[in-house]
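Reader: Hi! Could you walk me through this model? I'd like to ask things as we go.

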Amino acid sequence: MSRTPFAPLFDRLVDDAAVFPPGLAPLDEAVREHLDRRTGPYAVHIGPLLVPAASAGELAAFAATDPRTAQAPLEVSLVVRPGSPARPLVDALASLRDDERVLVTAAELGWSPEWRQVLDAGIPVVVEVGLGDDQARGLDDIAAAVDEQHDVTAKFRTGSTPTWPWPDEATLGGFLDAVVLHGLPFKLTGGLHHSVRGIHGGEPMHGLLNVLLATHEALGGAEAHDLAGILARHHAEVLVTAVSSLSTGDAEQVRESFTAYGCCGVLDPLTELEALGLITTEESHA
């Protein structure tokens, strides 16, 4: 694989959320295609497969029948959606603890009074926070857990759902400002299908490059209103130039903060990044 000098900014950036809306791929198909991608041209940029905790048994069966998992286990992060109880996630983690074909890299759930049950599993935990006072309390709670030496990452949703309105640039900028001020790593989910902020399918969507640059500026002390301005930029050339100018140290710092994001169309942002010249593969030169 041939890569640009700043490609580490994009290493293991996109978690494979193929089974979640709007993709809704069948789990057997998602497992097979994820394993295919482990040796594909974008492998270095793709993180674990995201799987609903309720599907842990089915996941184990599919992994057991694919010979590729005997050579290297299938990396997954188990997920329950915000508002769901934590117990099914705890049970799913226990059921896969000794599975040699599946490696659970993280557990993801919404912030609630019972989320700390998952800490006993001894694996990294990702906690999705909401808006307003709930967000503030959630980030305070996550920060307290980190102070207690737990491996916990905050999570925020960038796309709309039937129960979650699209967070505009001021809302997302406010989250980035708050999470960086708390000194917490964060993950994003939903809605980052494209490299640059714009209207797609008639709906506004945030851009991956915008978020990377806003994270860099937040780490440098920029405030929420400044971050909102970066998130609102629509000009690809300006964003590409700015991202290309980040030093290796800058890129490492950004990725220590912005750890990953889940995307159901896992290759969509990667093919756009390739088209913009930010990542390259051997196939690019064929």
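Author: Happy to. One definition to start: angles under 35 degrees count as roughly parallel, over 145 as roughly antiparallel, 65 to 115 as roughly perpendicular and the rest as oblique. Also, keep in mind that this is a predicted model.

Reader: Good to know. At what angle do α6 and α7 pack?

Author: Helix α6 (residues 169–181) packs against α7 at about 45 degrees, and their axes are 10 Å apart. The two helices are therefore oblique to each other. Their crossing is right-handed.

Reader: And which residues meet there, between α6 and α7?

Author: From α6 you have L172, L176 and V180, which meet V211, A214, T215, A218 and L219 of α7.

Reader: Nice. Switching to strands: what does the closed barrel look like in order?

Author: The closed barrel has 8 strands in the order β1-β2-β3-β4-β5-β6-β7-β10, and the pairing is parallel. On average, neighbouring strands of this sheet are turned by 30 degrees against each other, ignoring direction. Helix α2 (residues 56–64) packs on the sheet, where it touches β2 (46–52), β3 (74–79) and β4 (102–110). The direction of α2 makes about 170 degrees with that of β3.

Reader: Which strands does α5 lie across?

Author: Helix α5 (residues 132–147) lies across β5 (125–128) and β6, and runs at about 160 degrees to β6.

Reader: Let's look at β10. How many bridges join β1 to β10?

Author: There are 3 bridges between β1 (residues 14–16) and β10, and these strands run parallel.

Reader: Is β10 mostly covered or mostly open?

Author: Mostly covered: 5 of the 6 residues in β10 (residues 258–263) are buried.

Reader: And what about β6 and β7, how many bridges there?

Author: Strand β6 (residues 152–157) pairs with β7 over 4 bridges, again in the parallel sense. The bridge partner of K155 in β7 is K187.

Reader: I noticed A154. Why does A154 count as buried?

Author: A154 lies in strand β6. Its relative accessibility is 0%, so A154 counts as buried, the cut-off being under 20% relative accessible area. Leaving out residues up to four places away in sequence, A154 touches V126, V127, L139, I142, V179, P185, F186 and K187.

Reader: Which residues touch the most others in the largest nonpolar core?

Author: That core has 88 residues, and F10, L59, L78, F175, L188, L209 and F258 touch the most other members. Helix α7 (residues 208–219) gives the most to this core, with 7 residues.

Reader: Let me zoom in on F10. What does F10 touch?

Author: Not counting residues up to four places away in sequence, F10 touches H45, L209, L212, V243, R255, L273, L278 and I279.

Reader: Is L24 buried or exposed?

Author: Exposed, with a relative accessible area of 55%. R12 also has a positive phi, about 45 degrees, without being a glycine. R12 is in the segment before β1 and is partly exposed, at 41% relative accessible area.

Technical notes:
Residues numbered from 1 in each chain as written. Predicted model: local features only at pLDDT ≥ 70, side-chain atom pairs only at ≥ 80, totals over all residues. Heavy atoms only, no water. Core = buried A, V, L, I, M, F, W, Y, C linked by side-chain atoms within 4.5 Å. Buried < 20%, exposed > 50% of the residue type's maximum accessible area, 1.4 Å probe, protein only. Contact = heavy atoms within 4.5 Å. Pairing = 2+ DSSP bridges. Axes fitted to C-alpha atoms, helices over the stretch in contact; angles between N-to-C directions. Left-handed = near helix turned anticlockwise from the far one by under 90°.
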